[in-house]
Amino acid sequence: MRTIIALDAMGSDRAPKPEVEGAIQAARHYDVEVLLVGREDDLREELYRHSSASNLPISICNATEVIGMREKAAQAMRHKRDSSLRVGLRLVRDQRAHGFVTAGNTGAAMATAKIVLGTLPGVDRPGLAAVFPTALGTAAIMIDVGANVDSKPQNLEQFAIMGEIYFRLIFDQERPRVGLLSIGEEESKGNELTQHAYQLLKQLSLNFVGNVEGRDLYNGKVDVIVCDGFVGNVALKTSEGVAETVRYMLKESLKSTVTSQVGFLLSRRAFADFKRRLDYSEYGGAPLLGVKGACFICHGSSNPNAIKNAIRVAAGYVNAGISEKIEHELAAARERDVVPTAEV
C-alpha cells in the first residue's frame, strides 16, 4: 500500500504552484499518494495545467482558509479552523494520511500540530530538526531551527534527547556526538539559558561533547547541535545565505576569463555536485520532533524540488516508524535519566 502524505498546498510564498509541481514529481518518482489540501478551485486550476498528472495518485482535500506568513500563530489557529494546516493535520490524526508536509507559517504549524496531533509523553515543546552536510561528507542535524523562539533549559534537554535518537535512527550511528551551540567551548561561556542547559545535558547518558561554536556546524566535529529556535533559525538562514553567495561568486569567477571558462567546462560535473551538496532543497523539510505523527515543515520559499524531497523524506520517516521509535526511546530515557519536564 502506498504511503499517503497530506500536503498543505497553500502554505508557501508562491502557493499553490510549487506544491502542485512538487507533488507531481513525488507521485511520479516515489511510491506515494499525495493529498493536496487547500482551496479546491485553485488546486484544480493548477493541476489542469499539468495534463500528464491525470493518472498519478494525487487527490484534493478542500480547505477554505489559509494561514498567512504574517499572521500570529495563536490567533490564526483559534479563528481559522478550516485552514489548510489544520485540515491536513486532521487527516493524519484521523489516519486518512500517514504524514503531513507544509511550507507555511512555522509557528502556526507547530502550534496546530501540538493541538491536533498532541505531543509525545514527556515532551513540552516539539523541536524542528534540520539535516545539513559537513565538510567530511557526513551529515549533522541541528535542533531547534525555528519552532520555539523562547526556550527553557529543560526544553533544550528534551531537544538533545530527541535529536540524538533521530540521528541514531536515520544514520545508524550508535553514539552520536551531541553539542550545545554557544559562543565558546568553555563550560562557563554562553548566556543563562545555555549555561543552565549545559549542566542538564552533562548529566544525561548521551555522548555530550560540551559547547560547540558556530564554526563547528559544518566541520563534522559534532553530529547533533542543540540550540533554541531563535538562534537555530538565524544560524540556518545565515548558512543558506553564505552558501548561495559562495555558489554565485564561484560561478562568476569561473566565467571571468577564457582560461577559467575552459576550467569550468572541464569541472562542470564537480561544480554541479558542489551545488547540489549545498542546495537546501535536496534535503527536504525538517521533521517536527516530539509530536504524535510525521509533520514536516519546509521553507516558505520552497521550490518544487524542495517539496518533492520533503514528501520523500516524510514517507521514509513514516515507513521507518521514526515517531514510534522516538516515543519508545523517550520513555526509556525518562526512566534512565529521570528527565524533568519544563513548565509550559
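**Entry 1**

I began at Gln95, which sits in the loop between α4 and β4. Helices (H or I, at least four residues) and strands (E, at least two) are DSSP runs here, numbered from the N terminus. The model is predicted, so I took local features only at pLDDT of at least 70 and side-chain atom pairs only at pLDDT 80 or more, while totals for chains, interfaces and linings use all residues. Residues are numbered from 1 along each chain as its sequence is written, and side-chain values use heavy atoms, with hydrogens and water left out.

I read phi of Gln95 as near 60°, a positive value in a residue other than glycine. Most residues other than glycine have a negative phi, and most peptide bonds are trans. Is Gln95 buried or exposed? Gln95 is exposed, at a relative accessible area of 73%. The cut-offs are under 20% relative accessible area for buried, over 50% for exposed, and partly exposed in between (1.4 Å probe, protein chains only).

I then looked up Asp172, in the loop between α6 and β7 (177-181). Its phi is positive too, about 55°, although Asp172 is not a glycine. Asp172 is exposed, with a relative accessible area of 72%.

**Entry 2: cis peptide bonds**

I checked omega next. Ala15 and Pro16 are joined by a cis peptide bond, with omega about 5°. Pro16 lies in the loop between β1 and α1 (17-29). The bond from Ile143 to Asp144 is also cis, with omega near 15°. I placed Asp144 in the loop between β6 (139-143) and α6.

**Entry 3: strands**

I counted 12 helices and 11 strands in the chain. For pairing I asked for at least two DSSP bridges between two strands. β1 (residues 3-8) and β2 run parallel and are joined by 6 bridges. Ile5 stands opposite Val34 in β2. On β4, the bridge partner of Ile5 is Gly99. β1 and β4 pair in the parallel sense over 3 bridges. β4 also pairs with β11 (residues 294-297), again parallel, over 4 bridges. There, Phe100 has Cys295 in β11 as its bridge partner.

How is β4 (residues 99-102) covered on its faces? Gly99 and Val101 on one side are buried, and so are Phe100 and Thr102 on the other. β2 (residues 32-38) is largely enclosed by the rest of the structure, because 6 of its 7 residues are buried.

**Entry 4: burial and cores**

Over the whole chain of 344 residues, 53% count as buried. I took contact as heavy atoms within 4.5 Å. Of the contacts with a separation of 6 or more, 72% are between residues 24 or more positions apart.

I looked for nonpolar cores, meaning sets of buried Ala, Val, Leu, Ile, Met, Phe, Trp, Tyr and Cys residues joined through side-chain atoms within 4.5 Å. The largest has 58 residues, and Leu36, Ile58 and Ile326 touch the most other members. Helix α6 (residues 153-171) gives the most to this core, with 8 residues. A second, separate core has 41 residues, including Ile4, Ala140, Ala147 and Val212.

I listed the neighbours of Leu36, leaving out residues up to four places away in sequence. Among them are Leu7, Val20, Leu43, Leu47, Ile58 and Ile60. Glu19 and Ser59 also touch Leu36.

**Entry 5: Leu56**

Leu56 lies in the loop between α2 (40-48) and β3 (58-62). Leu56 counts as buried, at 18% relative accessibility. Not counting residues up to four places away in sequence, Leu56 touches Ile24, Ala27 and Arg28. Ala26 is 30 residues from Leu56 in sequence, and their C-alpha atoms are 9.8 Å apart.

**Entry 6: the second largest pocket**

I ended on the second largest pocket, with a volume of about 290 Å³. On a 1 Å grid over the protein atoms alone, a pocket is an open set of points where a 1.4 Å probe fits, with protein on both sides within 12 Å along at least five of seven lines; lining residues have an atom within 4 Å of a point. Grid points are joined across faces, edges and corners, and the volume is the space filled by probe spheres set on them.

Which residues lie nearest its centre? Of the 17 lining residues, these are His98, Lys292, Gly293, Ala294 and Glu324. α4 (84-93), α11 (304-319) and α12 (322-337) each supply at least two residues of the lining. The largest share, 4 residues, comes from α12. I sorted the lining into 8 nonpolar, 5 polar and 4 charged residues. Here Ala, Val, Leu, Ile, Met, Phe, Trp, Tyr, Cys and Pro count as nonpolar, Asp, Glu, Lys and Arg as charged, and the others, Gly among them, as polar.
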